Amino acid sequence: MIEFALEKYPVRYTLDNGVQFLVRPLQKDDQMAFEKFHLAVPENERFLIKHRYTDSAVFAEADDEFIYEQRLPLLAFADGQIIGHATLYQRQGGWKRHIGMVGVLTHPDYRGVGLSKRLIADLVEVAQHAGLTRLEAEFNGDREVAIHNFKEAGFDELVRLPNYLQDMQ
């Protein structure tokens, strides 16, 4: 079912500031641009990212192509660079197979212009085509803007755990 959802890509959208951008699934030749994008995220924010992308692990796991049914990373491009990415994680079996996990990260220069809202909407649409009936997102640290964007997309806040994470100091 995921193949049907991916037929629309690549697709172009316009940000609130008038900048046009392209969204498409991650490809193997995106590795350098993907790593450059993550390095543009301030270090204090990179600390909070659940999945580490700067070590090339996401690319090393793929042999010839990505298995989009398990993890579908969508990339947003503007002016020849990655400005955001959103990922849908799916379980392939078990009692939670109907639940997907989503995450979104935007380039600091493209925040507040509707990018994360558009990427969340695309993930929701893909998840529906994939037969998922529930989506979850996890946030750590002070991520009020991200939480707000997900609430606007229809997500509910289920639990907040203060002092749950500790840094290395």
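These questions and answers walk through a predicted model of one protein.

Colleague: How many helices and strands does the protein have?
Modeller: Read along the sequence, the pattern is α-β-β-α-α-α-β-β-β-α-β-α. The totals are six helices and six strands.

Colleague: What share of the residues counts as buried?
Modeller: A residue is buried under 20% relative accessible area. The protein has 169 residues. Of these, the buried share is 40%.

Colleague: Is Phe21 buried or exposed?
Modeller: Phe21 touches Val11, Tyr13, Ile83 and Leu115, among others, leaving out residues up to four places away in sequence. Its relative accessibility is 1%. The cut-off for buried is under 20%, so Phe21 counts as buried.

Colleague: Tyr13 and Phe21 form an aromatic pair; what kind is the pair?
Modeller: The search of the whole structure finds three aromatic pairs. In this one, the ring centres of Tyr13 and Phe21 are 5.7 Å apart. Planes under 30 degrees apart count as stacked and over 60 as edge-to-face. The planes here are at 40 degrees, so the pair is tilted.

Colleague: What kind of pair do Phe150 and Phe155 make?
Modeller: Both Phe150 and Phe155 are buried. Their ring centres lie 4.9 Å apart. Their planes are at 85 degrees, so the pair is edge-to-face.

Colleague: Which residues form one aromatic cluster?
Modeller: Start from the pair Phe150 and Phe155, with ring centres 4.9 Å apart. Phe139 belongs with them. The cluster is Phe139, Phe150 and Phe155.

Colleague: Where is His107, and which residues is His107 in contact with, leaving aside its neighbours within four places in sequence?
Modeller: His107 lies in the loop between strand 5 (99-106) and helix 5 (115-129). At 9% relative accessibility, His107 counts as buried. Leaving aside neighbours within four places in sequence, its contacts are Phe37, Ala40, Ile82 and Ile83.

Methods
Residues are numbered from 1 along each chain as its sequence is written. This is a predicted model: local features need pLDDT of at least 70, side-chain atom pairs count only at pLDDT 80 or more; totals for chains, interfaces and linings use all residues. Side-chain values use heavy atoms; hydrogens and water are left out. Helices (H or I, at least four residues) and strands (E, at least two) are DSSP runs, numbered from the N terminus. Buried means under 20% relative accessible area, exposed over 50%, partly exposed in between (1.4 Å probe, protein chains only). Contact means heavy atoms within 4.5 Å. Rings of Phe, Tyr and Trp (its six-membered ring) pair if their centres lie within 6.5 Å; planes under 30 degrees apart count as stacked, over 60 as edge-to-face and the rest as tilted.
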